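Work through the exercises below with the model open beside you. Try each task before you read its solution.

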Amino acid sequence: MSVSGLIASPSRCCLRLPDCNQGLVCRQVPSTPIASKPKAKFGKLHLERLTVSFRRWKMQKTHLIKCAMDASYGDMASESGAAMFPRINVRDPYKRLGISREASEDEIQAARNFLISKYGGHKPSVDAIEAAHDKIIMQKFYERKNPKIDIKKKVREVKQSRVVQAVTSRFQTPATKFIVKTSIAFIVLGVLTVLFPTEEGPTLQVAISLIATFYFIHDRLKSKIRTLLYGAGAFIFSWFLGTFLMVSVIPPIPILKGPRSFEVLTSLITYVLLWVSSTYLK
C-alpha cells in the first residue's frame, strides 16, 4: 500500500527521502519499533527538561519580584531623603524612645518631639515612634488609675528622711569578735530568765544585763560619762518600750506560762534592745 510517499508492508515500510544525487530514494525501515525503551527514555528525559525549565522560570520570577520591591522601597527612601529610625524594631517602648521607666510625662513628650523632628520624613519611623509614645502614655494613665505600692521606693524614702538619718548616724558596726561576745552574754541571760523564773521576777538577770551594758559600752567607747549616759538611757528606754509592747502590741505567748510570764517577756525584749545599744551605739 502507498500513502503520501510512504510504501509499507506488514513487516517493512519504505520511506522516500530526498537525495542530492539520485532524487527520491526509498529507505526501508522496520514497520514496528524494535523496542519501547528509547521511547520511554525520551519521555523521561523530556519530563526532566520541563521540570528544570519550570524551576528556572519560578526562580527568575521570584528574583524579579524581590528586585522590584527593593527598588520600590529604595526609590521611596531616596525620594524622601530622610534617615530611618535605628530603633524602629525595638519592642520595649521605653528603649525605643531612649528614656527610663521613671521618666516624667514632660520627658516622654520631649523625647517623642525630638525623634519626630529628626525622622519625620520616614513614615515607618514616625509610626514606630508614635506607637511607643502612645503605649507609654496609656501605661502611665493605667498606673495612675490603679496605683501600686512600690516597696523599694518607700524604703528608700524612709532611709533618706532626716529622722532616720539622724538615728542611724548614732550607730556604727564594731568588729565581729565584739558582736559575738555581746551576743553570747545576752543570749545566756535570756536563757537563764526563761529556764529559772522566780516569784519575784527576773530581777537578778535584769541587773546583770545592766552591768553588762555598762561594761560593753565602756569597752568600746572608752568614756565613763558617755558610758553612764548611754547605759542608763538605754536601760530606761528598753524597759519602758518592752512594757508598752507587751501591754499594747504583743499578744500573750502560750509557751511561757506562770505568774511572772509578763515580766519574763518584758525582760527578753529589754535584753534585745540593750544588746543593740551596747554593741552598735557610738
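This is a predicted model: local features need pLDDT of at least 70, side-chain atom pairs count only at pLDDT 80 or more; totals for chains, interfaces and linings use all residues.

Residues are numbered from 1 along each chain as its sequence is written, and side-chain values use heavy atoms, with hydrogens and water left out.

**Exercise 1. Describe the salt bridge between aspartate 127 and lysine 123.**

Solution. 
- Step 1: Recall the term. A salt bridge is a side-chain nitrogen of Lys or Arg within 4 Å of a carboxyl oxygen of Asp or Glu. The structure holds 6 salt bridges.
- Step 2: Check the distance. For aspartate 127 and lysine 123, N to O is 3.1 Å.
- Step 3: Helices (H or I, at least four residues) are DSSP runs, numbered from the N terminus.
- Step 4: Judge exposure. Buried means under 20% relative accessible area, exposed over 50%, and partly exposed in between (1.4 Å probe, protein chains only). Aspartate 127 is partly exposed at 40%. Lysine 123 is exposed at 59%.

**Exercise 2. Trace the salt-bridge network that links Lys181, Asp219 and Lys222.**

Solution. 
- Step 1: Start with lysine 181 and aspartate 219. Their closest N and O atoms are 3.4 Å apart. Lysine 181 is in helix H7 and aspartate 219 in helix H8, so this pair ties together parts that are 38 residues apart in sequence.
- Step 2: Compare the values with the cut-offs. Lysine 181 is partly exposed at 36%. Aspartate 219 is partly exposed at 25%. Lysine 222 is exposed at 60%.
- Step 3: Look at the backbone of lysine 222. This residue is found in the loop between helix H8 (203-221) and helix H9 (224-249). Lysine 222 has a positive phi of about 60°, although it is not a glycine.

**Exercise 3. State how H8 and H9 pack.**

Solution. 
- Step 1: Two packed helices are described by the angle between their axes and the distance between the axes.
- Step 2: Read the values. The angle is about 140°, and the axes of H8 and H9 are 9 Å apart. Axes are lines fitted to C-alpha atoms, for helices over the stretch in contact, and angles run from 0 to 180 degrees between N-to-C directions.
- Step 3: Find the contacts (heavy atoms within 4.5 Å). The H8 side includes Leu210, Phe214 and Ile217. The H9 side includes Leu228, Phe235 and Trp239.

**Exercise 4. Is serine 267 buried or exposed? Which residues does serine 267 contact, leaving aside its neighbours within four places in sequence?**

Solution. 
- Step 1: Locate serine 267 in helix H10 (residues 261-280).
- Step 2: Read its accessibility. At 0% relative accessible area, serine 267 is buried.
- Step 3: List the contacts beyond those neighbours. They are Thr193, Pro202, Val206 and Trp239.

**Exercise 5. Where is isoleucine 187, and is this residue buried or exposed?**

Solution. 
- Step 1: Find isoleucine 187 in helix H7 (residues 176-195).
- Step 2: Read its relative accessible area. The value is 54%, so isoleucine 187 is exposed.

Note on methods: Helices (H or I, at least four residues) and strands (E, at least two) are DSSP runs, numbered from the N terminus.
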